[in-house]
Amino acid sequence: MLSRFPLRIKFFLLMCLLYVVAFIVTPQKTMTAFGNFVQAFVQMLPVLILVFLVMFVGYIFLKPEMIHRYLGEDSGKRGWFAACVASIFFSGPTYILFPYLKELKAQGMKNSLIAVFLNNRNVQPAFVPVMIYYFGLRFAVVFCLLVLGYALLSGLLIRHFVGEEA
Amino acid sequence: MKDAAQRTIKNIETSIPILVGILMLLSLLELIFDQYYTKIFTGNWLFDPLIGTIVGSISVGVPVASYVIGGQLLEQGVTLLAVTAFVFSWTTVGVMLMPLEAKSLGKKFTLVRNGLNFTFSIVIAMCLSFVFKFL
């Protein structure tokens, strides 16, 4: 019966089961843990609402065809900029990206741009409020700059070690 | 507009059970491992980010989940070095996803990209901690 549920639901159910077992073993500690969880979730809620609002606005303006247009064949120097921008605004999980990038690669997208696109995915406006909430503005700014810098460097390194069409 | 709303709802459906589950797990683990974190993460400039990178590399999920876990770990006394490496490697190194990546983008590309990201996740963590010493 459990097999028909997606993995994320199974994970959530497993955590609930873990709490039930923990409650049987040590009720007091489990109640404290549950209280901490509720507190942490309630604190995170306003940030999450903001995240999904930003995501919604992003989806209105960013279409998959745009990524294809700016990252495809003959994108030139503009492609490096486009790879950075596209990765910033694409907030889906990585495993969804691979088949799509394979398609783009078949149509002429360079390895260096794929690396930039994949490695710059920590800098996303939708998630930045959560980063600021947990780590502070100072961390968020320095971290995002380092990620962006490394994403570009990784493009050059991939071009050097792998080549553009391997 | 309708398409954007549907995609956002799908994202909420995907993210919320994982985020809630992670918070539940962390709250429980916090009570058990609280006293051990400071013993494992001593502030060593190589060892801390190395552990953070290894854990981040074998984890899979949306980037926002790594911030939640990282924030909680930081509160529990894990060093910034380890947490930065963990957050960075979470999205850039995907050990679990390597077969899929290799199938889509090629073996050499996958091995070099993940290898570089693993190494640089330690370097980035060191750089950030170094910058923080002067900010």
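Hi everyone, and thanks for having me. Please keep in mind that this is a predicted model.

Let's start with salt bridges. How many are there over all chains? The count comes to two.

The pair B:D3 and B:R7 makes one of them, with 3.9 Å from N to O. Both residues sit in helix α1 of chain B, which covers residues 2-40, and they are four residues apart, about one turn of the helix.

Now for B:E101 and B:R113, whose side chains meet in a salt bridge at 2.7 Å, N to O. B:E101 belongs to helix α5 (residues 98-105) of chain B and B:R113 to helix α6 (residues 107-134) of chain B, so this pair ties together parts that are 12 residues apart in sequence. Are these two residues buried or exposed? Both B:E101 and B:R113 are buried.

On to the second largest pocket, which has a volume of about 180 Å³. Its lining includes A:N36, A:Q39, A:Y133 and A:Y134, along with B:S27, B:E30, B:Q72 and B:E75. Which helix gives the largest share of that lining? That is α2 of chain A, with four residues. At least two residues each come from α2 (27-61) and α7 (128-135) of chain A, and from α1 and α3 (63-75) of chain B. By residue type, the lining of this pocket has five polar, three nonpolar and two charged residues.

That's my tour, and I'm happy to take questions!

How values were computed. Residues numbered from 1 in each chain as written. Chains lettered and ligands numbered in written order. Predicted model: local features only at pLDDT ≥ 70, side-chain atom pairs only at ≥ 80, totals over all residues. Heavy atoms only, no water. Salt bridge = Lys/Arg side-chain N within 4 Å of Asp/Glu carboxyl O. Buried < 20%, exposed > 50% of the residue type's maximum accessible area, 1.4 Å probe, protein only. 1 Å grid on protein atoms, 1.4 Å probe; cavity = no way out; pocket = protein on both sides within 12 Å on 5 of 7 lines; lining within 4 Å. Points joined across faces, edges and corners; volume = space filled by probe spheres on them. Nonpolar A, V, L, I, M, F, W, Y, C, P; charged D, E, K, R; others polar.
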